[in-house]
Amino acid sequence: MDKLILTLVIIGAINWGSIGIFGLDIVGALFGGQGAFISRVIYTLVGLAGLWALSFYTKLRSSGNS
């Protein structure tokens, strides 16, 4: 599950980077715009993955890494 979460977070980061650098929303461009249902589902999944990824900090702390 953590690998899926990490993949979604990376997709989100790449999308935000492309918006910041090029003004291009890759998810929106691929799936019919920001308002399209599938785009909104992807944005929601990426957002939830980001929240889940916060738990990685406790995993890092418990494994002894800083």
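A residue is termed buried when its relative accessible area is under 20%, exposed when that area is over 50%, and partly exposed in between (1.4 Å probe, protein chains only). By this criterion, S39, I42, V46, A49 and A53 are buried in helix α3. These residues cover an arc of only 85 degrees around the axis, which puts them on the same side of α3; the arc is that of the directions from the helix axis to the C-beta atoms.

The structure is a predicted model, in which local features need pLDDT of at least 70 and side-chain atom pairs count only at pLDDT 80 or more, while totals for chains, interfaces and linings use all residues. Residues are numbered from 1 along each chain as its sequence is written, and side-chain values use heavy atoms, with hydrogens and water left out.

The secondary structure of the chain consists of four helices and zero strands. Here helices (H or I, at least four residues) and strands (E, at least two) are DSSP runs, numbered from the N terminus. The order of elements from the N terminus is α-α-α-α. The chain has a radius of gyration of 14 Å, well over the 11 Å that the globule rule gives for 66 residues, so it is more spread out than a compact globule. The radius of gyration is taken over C-alpha atoms, and the globule rule is 2.2 Å times the number of residues to the power 0.38. The C-alpha trace spans about 45 × 25 × 15 Å along its principal axes. Of the 66 residues in the chain, 21% are buried. Among the contacts (heavy atoms within 4.5 Å) with a separation of 6 or more, 41% are accounted for by residues 24 or more positions apart.

Helix α1 comprises residues 2–22. Its 21 residues reach 30 Å from the first C-alpha to the last, close to the 30 Å expected at 1.5 Å a residue; the expected span of a helix is 1.5 Å times one less than its number of residues. The buried residues of α1 are I5, L8, G12, N15 and S18. They cover an arc of only 155 degrees around the axis, which puts them on the same side of α1. The face turned away from this buried side carries the exposed residues K3, I14, G20, I21 and F22. The cover over the buried residues of α1 includes α2 (26–31), α3 (37–53) and α4 (55–63). Just after α1, G23 adopts a positive phi of about 70 degrees.

Within α1, N15 counts as buried because its relative accessibility is 7%. The side chain of N15 reaches the backbone nitrogen of V27 at 3.1 Å. When neighbours within four places in sequence are left aside, N15 is in contact with L24, D25, I26, V27 and Y43.

Helix α3 has 17 residues and reaches 24 Å from its first C-alpha to its last, close to the 24 Å expected at 1.5 Å a residue. The buried residues of α3 pack against α1, α2 and α4. On the other side of α3, F37, R40 and L51 are exposed. For R40, the relative accessible area is 52%. With residues up to four places away in sequence not counted, R40 touches Q34 and G35. The C-alpha atoms of R40 and G28 are 8.8 Å apart, and the two residues are twelve apart in sequence.

A49 touches I5, L8 and V9, residues up to four places away in sequence not being counted.

In the loop between α3 and α4 lies L54, which is exposed, with a relative accessible area of 51%. The C-alpha atoms of L54 and G12 are separated by 15 Å, the two residues being 42 residues apart along the chain.

Technical notes:
Polar contact = N/O pair within 3.5 Å; in protein donor to acceptor, adjacent residues only side chain to side chain.
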